[in-house]
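Biologist: I am new to this structure and would like to learn how to read it. Could we go through a few features in turn?

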Amino acid sequence: MGYIYILFTIIFTVYGQIILKWRINNIQFKLSDGLFDKVLDIIKLLFDMYVFSGFLSAFIASLFWIAAMSKLDITIAYPFMSLAPVLVFVIGVIFLNEEFTWGKVIGLGFIIVGLLITVKF
């Protein structure tokens with residue numbers, strides 16, 4: 001069951017990151033120059049339902065992570081979190097028109113190899 005909790009942690013984490021990036025792009029959000037104005041910009045952004053869903057998703061991911069920690073050692077569970085950048089890359093390229101480069105693919109390949117080595121040995 002611990003691995004199911006990790007899976008849902010990753011799903012909710014990735015959703016939160018993707019929805020935030022999508023919404024920021026969609027509304028062409030830009031931070032103002034002054035510190036006070038930046039804080040106000042971010043507070044206003046928090047009331048956007050998509051942005052709020054991203055934060056809610058991060059909270060839900062944290063709950064699943066707590067459940068995973070109750071079942072698995074952190075040295076077993078945490079390496080699986082490195083799958084999040086892999087999923088963000090794939091989803092970002094497909095749905096957000098992010099740039100695809102072979103350098104990124106090779107880097108992500110190293111992440112996956114590192115995950116396999118960490119979990120197996």
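Modeller: Keep in mind that this is a predicted model. We can begin with Y3, which counts as partly exposed because its relative accessibility is 44%.

Biologist: Is F80 buried or exposed?

Modeller: F80 is buried, as its relative accessible area is 18% and the cut-off for buried is under 20%.

Biologist: How do I describe two aromatic rings together?

Modeller: A pair of aromatic rings is described by the distance of the centres and the angle of the planes. This structure holds eight aromatic pairs. In one of them, the ring centres of Y3 and F80 are 5.6 Å apart and the planes stand at 75 degrees, so the pair is edge-to-face. Y3 belongs to helix 1 and F80 to the loop between helix 4 and helix 5, so this pair ties together parts 77 residues apart in sequence.

Biologist: What kind of pair do W65 and Y78 form?

Modeller: W65 and Y78 form an edge-to-face pair, with 6.0 Å from centre to centre and 75 degrees between the planes. W65 lies in helix 3 and Y78 in the loop between helix 4 and helix 5, so the parts tied together are 13 residues apart in sequence. W65 counts as buried at 18% relative accessibility, whereas Y78 counts as exposed at 52%.

Biologist: Which residues form one aromatic cluster?

Modeller: Y5, F8, F12 and F64 form one such cluster.

Biologist: How should I read the buried residues of a helix?

Modeller: An α-helix has 3.6 residues a turn, so residues three or four places apart point the same way. Helix 5 covers residues 83-95, and its buried residues are A84, V86, F89 and G92. These buried residues pack against helix 1 (2-26) and helix 6 (102-120).

Biologist: How far does helix 5 reach from its first C-alpha to its last?

Modeller: Helix 5 has 13 residues and reaches 18 Å, close to the 18 Å expected at 1.5 Å a residue.

Biologist: Which residue with a positive phi follows helix 5?

Modeller: That residue is N97, with a phi near 55 degrees. The C-alpha atoms of N97 and K30 are separated by 19 Å, and the two residues are 67 residues apart along the chain.

Biologist: Where is K30 found, and is K30 buried or exposed?

Modeller: K30 is in the loop between helix 1 and helix 2 (35-46). K30 is exposed, because its relative accessible area is 65% and exposed means over 50%.

Definitions and conventions. Residues are numbered from 1 along each chain as its sequence is written. This is a predicted model: local features need pLDDT of at least 70, side-chain atom pairs count only at pLDDT 80 or more; totals for chains, interfaces and linings use all residues. Side-chain values use heavy atoms; hydrogens and water are left out. Helices (H or I, at least four residues) and strands (E, at least two) are DSSP runs, numbered from the N terminus. The expected span of a helix is 1.5 Å times one less than its number of residues. Buried means under 20% relative accessible area, exposed over 50%, partly exposed in between (1.4 Å probe, protein chains only). Contact means heavy atoms within 4.5 Å. Rings of Phe, Tyr and Trp (its six-membered ring) pair if their centres lie within 6.5 Å; planes under 30 degrees apart count as stacked, over 60 as edge-to-face and the rest as tilted.
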